[in-house]
Amino acid sequence: MPLFYSASLLPALLIAMAVYVDPFWGWVALGFIVVAVAVLDELLPEAPTPLEGSHLITGIFLPLLLVVAHFGTLYAVIADGTALPTAQFLPVLAATGLYFGQVSNPNAHELIHRKHRLLFRLGMWTYVSMMFGHHTSAHRYVHHVHVGTPKDPNSARWGEGYYRFLIRAWIGSFRQGLAAEREKLRKSGRHPLENPYIIYLVGSVTFAAAAAFLAGTTGLIAYLALAGLAQSQLLLSDYVQHYGLRRRKLPSGKFEPQTARHSWNSPHQFSSAMMLNAPRHSDHHVNPARRFPELALPNAPMLPRALPVMSILALVPPLWRRVMDSRAT
(Lines give C-alpha, C1' and ligand atoms only; values in the text may rest on other atoms or scores of the structure.)
Protein backbone atom coordinates (compact mmCIF):
# COMPACT_ATOMS: atom_id res chain seq x y z
CA MET A 1 0.00 0.00 0.00
CA PRO A 2 2.79 2.58 0.56
CA LEU A 3 3.48 2.58 -3.18
CA PHE A 4 -0.21 3.19 -3.94
CA TYR A 5 -0.27 6.15 -1.55
CA SER A 6 2.98 7.75 -2.70
CA ALA A 7 2.47 7.25 -6.44
CA SER A 8 -1.07 8.67 -6.47
CA LEU A 9 -0.63 11.54 -3.99
CA LEU A 10 2.82 12.85 -4.97
CA PRO A 11 1.68 14.63 -8.17
CA ALA A 12 -0.94 16.58 -6.17
CA LEU A 13 1.77 17.66 -3.72
CA LEU A 14 4.03 18.80 -6.56
CA ILE A 15 1.19 20.80 -8.12
CA ALA A 16 0.45 22.46 -4.77
CA MET A 17 4.15 23.37 -4.44
CA ALA A 18 4.03 24.89 -7.93
CA VAL A 19 1.12 27.12 -6.94
CA TYR A 20 2.24 28.13 -3.45
CA VAL A 21 6.05 27.72 -3.37
CA ASP A 22 7.68 28.03 -6.79
CA PRO A 23 6.19 27.62 -10.29
CA PHE A 24 9.22 25.51 -11.20
CA TRP A 25 7.52 22.61 -9.43
CA GLY A 26 4.91 22.64 -12.17
CA TRP A 27 7.55 21.38 -14.58
CA VAL A 28 8.58 18.78 -12.01
CA ALA A 29 4.98 17.59 -11.69
CA LEU A 30 4.60 17.42 -15.45
CA GLY A 31 7.90 15.57 -15.82
CA PHE A 32 6.94 13.15 -13.09
CA ILE A 33 3.63 12.19 -14.74
CA VAL A 34 4.94 12.04 -18.31
CA VAL A 35 8.51 10.77 -17.92
CA ALA A 36 9.28 9.48 -14.42
CA VAL A 37 6.29 7.12 -14.30
CA ALA A 38 7.35 5.48 -17.58
CA VAL A 39 10.94 5.11 -16.36
CA LEU A 40 9.92 3.66 -13.00
CA ASP A 41 7.63 1.19 -14.76
CA GLU A 42 10.65 -0.18 -16.61
CA LEU A 43 12.91 -0.24 -13.54
CA LEU A 44 10.53 -1.84 -11.06
CA PRO A 45 9.53 -5.52 -11.28
CA GLU A 46 6.05 -6.46 -12.41
CA ALA A 47 3.20 -5.69 -10.06
CA PRO A 48 2.84 -8.21 -7.20
CA THR A 49 -0.12 -10.48 -6.56
CA PRO A 50 -3.37 -9.02 -5.14
CA LEU A 51 -3.10 -7.52 -1.68
CA GLU A 52 -4.92 -9.18 1.19
CA GLY A 53 -5.68 -8.80 4.88
CA SER A 54 -4.75 -5.51 6.56
CA HIS A 55 -3.89 -3.92 3.21
CA LEU A 56 -7.57 -3.97 2.30
CA ILE A 57 -8.35 -2.01 5.44
CA THR A 58 -5.68 0.65 4.86
CA GLY A 59 -6.69 0.77 1.20
CA ILE A 60 -10.11 2.13 2.16
CA PHE A 61 -8.59 5.47 3.16
CA LEU A 62 -6.68 6.18 -0.04
CA PRO A 63 -9.75 6.89 -2.24
CA LEU A 64 -10.97 9.34 0.42
CA LEU A 65 -7.61 11.11 0.50
CA LEU A 66 -7.60 11.28 -3.28
CA VAL A 67 -11.01 12.96 -3.28
CA VAL A 68 -9.60 15.61 -0.94
CA ALA A 69 -6.51 15.91 -3.15
CA HIS A 70 -8.67 16.29 -6.27
CA PHE A 71 -10.92 19.07 -4.98
CA GLY A 72 -8.07 20.77 -3.13
CA THR A 73 -5.95 20.79 -6.29
CA LEU A 74 -8.87 22.04 -8.39
CA TYR A 75 -9.45 24.95 -6.02
CA ALA A 76 -5.76 25.81 -5.71
CA VAL A 77 -5.12 25.86 -9.45
CA ILE A 78 -8.22 27.92 -10.28
CA ALA A 79 -8.25 30.30 -7.31
CA ASP A 80 -4.49 30.89 -6.96
CA GLY A 81 -2.66 29.23 -9.84
CA THR A 82 -4.36 31.45 -12.42
CA ALA A 83 -2.55 34.43 -10.85
CA LEU A 84 0.75 33.08 -12.16
CA PRO A 85 2.20 34.44 -15.43
CA THR A 86 0.94 32.46 -18.41
CA ALA A 87 4.31 30.82 -19.15
CA GLN A 88 4.51 29.56 -15.56
CA PHE A 89 0.86 28.58 -15.32
CA LEU A 90 0.71 26.40 -18.45
CA PRO A 91 2.87 23.54 -17.09
CA VAL A 92 0.83 23.64 -13.86
CA LEU A 93 -2.39 23.46 -15.89
CA ALA A 94 -1.09 20.58 -18.02
CA ALA A 95 0.15 18.63 -15.00
CA THR A 96 -3.18 19.11 -13.24
CA GLY A 97 -5.17 17.96 -16.27
CA LEU A 98 -3.00 14.85 -16.54
CA TYR A 99 -3.37 14.22 -12.82
CA PHE A 100 -7.15 14.44 -13.01
CA GLY A 101 -7.23 12.10 -16.00
CA GLN A 102 -4.79 9.52 -14.65
CA VAL A 103 -5.51 9.58 -10.90
CA SER A 104 -8.80 11.35 -10.13
CA ASN A 105 -10.52 9.42 -12.90
CA PRO A 106 -9.58 5.90 -11.71
CA ASN A 107 -10.32 6.97 -8.15
CA ALA A 108 -13.80 8.18 -9.09
CA HIS A 109 -14.23 4.97 -11.04
CA GLU A 110 -13.32 2.98 -7.93
CA LEU A 111 -15.87 4.88 -5.85
CA ILE A 112 -18.87 4.65 -8.20
CA HIS A 113 -18.57 0.87 -7.94
CA ARG A 114 -18.90 0.97 -4.17
CA LYS A 115 -22.28 0.20 -2.57
CA HIS A 116 -21.86 2.69 0.27
CA ARG A 117 -23.89 5.77 -0.66
CA LEU A 118 -21.30 8.29 0.56
CA LEU A 119 -18.46 6.67 -1.37
CA PHE A 120 -20.62 6.48 -4.50
CA ARG A 121 -21.57 10.15 -4.19
CA LEU A 122 -17.94 11.19 -3.78
CA GLY A 123 -17.08 9.38 -7.00
CA MET A 124 -20.05 10.91 -8.80
CA TRP A 125 -19.16 14.45 -7.72
CA THR A 126 -15.56 13.93 -8.76
CA TYR A 127 -16.82 13.15 -12.26
CA VAL A 128 -19.25 16.09 -12.14
CA SER A 129 -16.36 18.41 -11.25
CA MET A 130 -14.69 17.29 -14.49
CA MET A 131 -17.93 17.99 -16.40
CA PHE A 132 -18.26 14.26 -17.04
CA GLY A 133 -20.95 13.28 -14.57
CA HIS A 134 -22.82 11.16 -17.11
CA HIS A 135 -19.94 8.66 -16.99
CA THR A 136 -21.31 7.63 -13.58
CA SER A 137 -24.38 6.21 -15.31
CA ALA A 138 -22.99 5.23 -18.71
CA HIS A 139 -20.05 3.30 -17.27
CA ARG A 140 -22.18 1.10 -15.02
CA TYR A 141 -25.31 0.65 -17.11
CA VAL A 142 -23.88 0.67 -20.63
CA HIS A 143 -20.16 -0.08 -20.68
CA HIS A 144 -20.17 -2.92 -18.17
CA VAL A 145 -23.23 -4.50 -19.75
CA HIS A 146 -22.29 -4.18 -23.44
CA VAL A 147 -18.46 -4.05 -23.40
CA GLY A 148 -16.92 -5.64 -26.46
CA THR A 149 -20.12 -5.38 -28.52
CA PRO A 150 -21.42 -2.81 -31.04
CA LYS A 151 -23.85 -1.62 -28.34
CA ASP A 152 -21.00 -0.16 -26.26
CA PRO A 153 -19.80 3.26 -27.47
CA ASN A 154 -16.72 2.99 -25.25
CA SER A 155 -15.35 -0.18 -26.88
CA ALA A 156 -13.02 0.92 -29.69
CA ARG A 157 -13.44 -0.92 -32.98
CA TRP A 158 -10.54 -2.57 -34.77
CA GLY A 159 -8.93 0.00 -37.06
CA GLU A 160 -10.71 2.94 -35.44
CA GLY A 161 -8.46 5.91 -34.63
CA TYR A 162 -8.56 7.54 -31.22
CA TYR A 163 -9.85 10.92 -32.40
CA ARG A 164 -12.83 9.43 -34.22
CA PHE A 165 -13.47 7.21 -31.19
CA LEU A 166 -13.29 10.21 -28.86
CA ILE A 167 -16.26 11.94 -30.50
CA ARG A 168 -18.29 8.76 -30.97
CA ALA A 169 -17.71 7.56 -27.41
CA TRP A 170 -18.49 10.92 -25.76
CA ILE A 171 -21.77 11.40 -27.59
CA GLY A 172 -22.74 7.73 -27.47
CA SER A 173 -22.07 7.31 -23.75
CA PHE A 174 -24.03 10.48 -22.93
CA ARG A 175 -27.05 9.38 -24.95
CA GLN A 176 -27.06 5.73 -23.90
CA GLY A 177 -26.45 6.56 -20.25
CA LEU A 178 -29.40 8.96 -20.36
CA ALA A 179 -31.58 6.32 -22.01
CA ALA A 180 -30.58 3.79 -19.33
CA GLU A 181 -31.46 6.19 -16.52
CA ARG A 182 -34.81 7.02 -18.12
CA GLU A 183 -35.63 3.34 -18.44
CA LYS A 184 -34.74 2.79 -14.77
CA LEU A 185 -37.10 5.59 -13.74
CA ARG A 186 -39.87 4.25 -15.96
CA LYS A 187 -39.62 0.73 -14.52
CA SER A 188 -39.53 1.97 -10.92
CA GLY A 189 -42.37 4.44 -11.43
CA ARG A 190 -40.29 7.36 -10.20
CA HIS A 191 -40.63 10.95 -11.45
CA PRO A 192 -38.54 11.96 -14.50
CA LEU A 193 -37.07 14.86 -12.49
CA GLU A 194 -35.28 12.29 -10.32
CA ASN A 195 -32.96 11.57 -13.25
CA PRO A 196 -29.34 12.04 -12.05
CA TYR A 197 -28.51 13.69 -15.38
CA ILE A 198 -30.06 16.83 -13.92
CA ILE A 199 -27.44 16.75 -11.17
CA TYR A 200 -24.69 16.05 -13.71
CA LEU A 201 -25.61 19.03 -15.87
CA VAL A 202 -26.48 21.53 -13.14
CA GLY A 203 -23.39 20.48 -11.19
CA SER A 204 -21.11 21.02 -14.18
CA VAL A 205 -22.55 24.50 -14.80
CA THR A 206 -22.15 25.30 -11.09
CA PHE A 207 -18.47 24.32 -11.11
CA ALA A 208 -17.90 26.43 -14.21
CA ALA A 209 -19.66 29.39 -12.59
CA ALA A 210 -17.57 28.93 -9.43
CA ALA A 211 -14.37 28.98 -11.50
CA ALA A 212 -15.49 32.22 -13.15
CA PHE A 213 -16.37 33.70 -9.75
CA LEU A 214 -12.97 32.77 -8.30
CA ALA A 215 -10.76 33.89 -11.17
CA GLY A 216 -12.89 35.54 -13.84
CA THR A 217 -12.55 34.63 -17.49
CA THR A 218 -9.09 33.14 -16.91
CA GLY A 219 -10.51 30.83 -14.26
CA LEU A 220 -13.33 29.71 -16.51
CA ILE A 221 -10.98 29.00 -19.42
CA ALA A 222 -8.58 27.13 -17.11
CA TYR A 223 -11.44 25.07 -15.69
CA LEU A 224 -12.78 24.14 -19.13
CA ALA A 225 -9.26 23.17 -20.20
CA LEU A 226 -8.84 20.95 -17.15
CA ALA A 227 -12.19 19.27 -17.76
CA GLY A 228 -11.34 18.71 -21.41
CA LEU A 229 -7.96 17.19 -20.59
CA ALA A 230 -9.44 14.92 -17.94
CA GLN A 231 -12.26 13.73 -20.21
CA SER A 232 -9.96 13.06 -23.14
CA GLN A 233 -7.71 10.90 -20.96
CA LEU A 234 -10.61 8.95 -19.53
CA LEU A 235 -11.75 8.11 -23.04
CA LEU A 236 -8.15 7.43 -24.05
CA SER A 237 -7.98 4.78 -21.32
CA ASP A 238 -11.18 3.20 -22.59
CA TYR A 239 -9.80 3.26 -26.12
CA VAL A 240 -6.55 1.53 -25.18
CA GLN A 241 -8.07 -0.99 -22.77
CA HIS A 242 -10.68 -2.34 -25.18
CA TYR A 243 -9.26 -1.67 -28.64
CA GLY A 244 -10.32 -4.31 -31.18
CA LEU A 245 -11.49 -6.88 -28.63
CA ARG A 246 -14.94 -8.21 -29.46
CA ARG A 247 -17.35 -10.70 -27.93
CA ARG A 248 -18.64 -13.29 -30.40
CA LYS A 249 -22.28 -13.29 -31.37
CA LEU A 250 -23.86 -16.66 -30.56
CA PRO A 251 -26.39 -18.53 -32.74
CA SER A 252 -29.07 -17.41 -30.28
CA GLY A 253 -28.40 -13.81 -31.27
CA LYS A 254 -26.92 -12.97 -27.87
CA PHE A 255 -23.26 -12.18 -27.28
CA GLU A 256 -20.95 -14.52 -25.42
CA PRO A 257 -20.37 -13.64 -21.75
CA GLN A 258 -17.52 -11.21 -21.18
CA THR A 259 -14.33 -12.82 -19.97
CA ALA A 260 -10.76 -11.80 -19.16
CA ARG A 261 -9.86 -11.83 -22.85
CA HIS A 262 -12.09 -8.84 -23.60
CA SER A 263 -9.83 -6.21 -21.99
CA TRP A 264 -6.19 -5.20 -22.40
CA ASN A 265 -4.02 -5.23 -19.27
CA SER A 266 -0.64 -4.06 -18.07
CA PRO A 267 1.52 -5.61 -15.31
CA HIS A 268 3.71 -2.53 -14.76
CA GLN A 269 3.93 -1.74 -11.09
CA PHE A 270 4.33 2.03 -10.71
CA SER A 271 1.64 3.19 -13.13
CA SER A 272 -0.68 0.54 -11.70
CA ALA A 273 -0.11 1.98 -8.23
CA MET A 274 -0.66 5.55 -9.43
CA MET A 275 -3.87 4.55 -11.24
CA LEU A 276 -5.25 2.31 -8.46
CA ASN A 277 -4.73 -0.87 -10.49
CA ALA A 278 -6.81 0.40 -13.41
CA PRO A 279 -4.44 -1.44 -15.80
CA ARG A 280 -5.69 -4.71 -14.29
CA HIS A 281 -8.77 -4.14 -16.37
CA SER A 282 -9.88 -7.68 -17.14
CA ASP A 283 -10.33 -8.63 -13.50
CA HIS A 284 -12.33 -5.45 -12.92
CA HIS A 285 -14.76 -6.28 -15.73
CA VAL A 286 -15.22 -9.85 -14.59
CA ASN A 287 -15.50 -8.77 -10.93
CA PRO A 288 -16.67 -5.11 -10.93
CA ALA A 289 -17.34 -5.04 -7.18
CA ARG A 290 -13.77 -6.10 -6.35
CA ARG A 291 -11.75 -3.34 -4.64
CA PHE A 292 -8.61 -2.04 -6.33
CA PRO A 293 -6.02 -3.73 -4.04
CA GLU A 294 -7.66 -7.11 -4.73
CA LEU A 295 -7.47 -6.96 -8.53
CA ALA A 296 -5.36 -9.66 -10.14
CA LEU A 297 -3.70 -10.18 -13.51
CA PRO A 298 -5.48 -13.15 -15.08
CA ASN A 299 -4.45 -14.94 -18.24
CA ALA A 300 -5.60 -12.08 -20.47
CA PRO A 301 -4.42 -9.84 -23.33
CA MET A 302 -1.39 -7.77 -22.31
CA LEU A 303 -0.32 -4.44 -23.73
CA PRO A 304 3.26 -4.38 -25.01
CA ARG A 305 4.06 -1.38 -22.79
CA ALA A 306 2.56 0.30 -19.73
CA LEU A 307 -0.87 1.91 -20.06
CA PRO A 308 0.40 5.54 -19.98
CA VAL A 309 2.98 4.79 -22.70
CA MET A 310 0.39 3.06 -24.88
CA SER A 311 -1.96 5.99 -24.37
CA ILE A 312 0.66 8.33 -25.81
CA LEU A 313 1.13 5.96 -28.74
CA ALA A 314 -2.63 6.00 -29.38
CA LEU A 315 -2.39 9.75 -30.04
CA VAL A 316 -0.57 8.87 -33.28
CA PRO A 317 -3.07 6.53 -35.00
CA PRO A 318 -0.72 5.15 -37.73
CA LEU A 319 1.86 4.11 -35.11
CA TRP A 320 -0.86 2.72 -32.86
CA ARG A 321 -2.29 0.56 -35.63
CA ARG A 322 1.16 -0.67 -36.60
CA VAL A 323 1.74 -1.91 -33.06
CA MET A 324 -1.75 -3.05 -32.04
CA ASP A 325 -3.72 -4.19 -35.08
CA SER A 326 -1.95 -7.55 -35.36
CA ARG A 327 -2.34 -8.12 -31.62
CA ALA A 328 -6.06 -7.32 -31.61
CA THR A 329 -7.00 -9.84 -34.29
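## Basis

This is a predicted model, in which local features need pLDDT of at least 70 and side-chain atom pairs count only at pLDDT 80 or more, while totals for chains, interfaces and linings use all residues. Residues are numbered from 1 along each chain as its sequence is written, and side-chain values use heavy atoms, with hydrogens and water left out.

Helices (H or I, at least four residues) are DSSP runs numbered from the N terminus, as are strands (E, at least two).

## Pockets

On a 1 Å grid over the protein atoms alone, a pocket is an open set of points with protein on both sides within 12 Å along at least five of seven lines; a cavity is a set of points where a 1.4 Å probe fits but cannot get out, and lining residues have an atom within 4 Å of a point. Grid points are joined across faces, edges and corners, and a volume is the space filled by probe spheres set on the points. For the linings, Ala, Val, Leu, Ile, Met, Phe, Trp, Tyr, Cys and Pro count as nonpolar, Asp, Glu, Lys and Arg as charged, and the others, Gly among them, as polar.

The largest pocket has a volume of about 330 Å³. Its lining numbers 19 residues, and Leu 98, Gln 102, Gln 233, Ser 311 and Ile 312 lie nearest the centre. At least two lining residues come from each of α2 (24-43), α5 (86-112), α9 (196-242) and α12 (307-314). The lining has 14 nonpolar and 5 polar residues, with no charged ones.

The second largest pocket, of about 260 Å³, is lined by 14 residues, with Phe 120, Arg 121, Lys 184, Arg 190 and Pro 196 nearest its centre.

## Cavities

The whole structure holds 3 cavities of 30 Å³ or more. The largest cavity contains about 260 Å³ of space. It is lined by 24 residues, of which Pro 106, His 109, Gln 241, Ala 278 and His 281 lie nearest its centre. α5, α7, α9 and α11 (281-286) each give at least two residues to this lining, which comprises 9 nonpolar, 10 polar and 5 charged residues.

## Helix α9

Just after α9, Gly 244 has a positive phi of about 70°.

## Aromatic pairs

The structure holds 15 aromatic pairs. One of them is Trp 170 with Phe 174, stacked at 5.7 Å centre to centre and 10° between the planes. Rings of Phe, Tyr and Trp (its six-membered ring) pair if their centres lie within 6.5 Å; planes under 30 degrees apart count as stacked, over 60 as edge-to-face and the rest as tilted. Trp 170 and Phe 174 are separated by about one helical turn, because they are 4 residues apart in helix α8.
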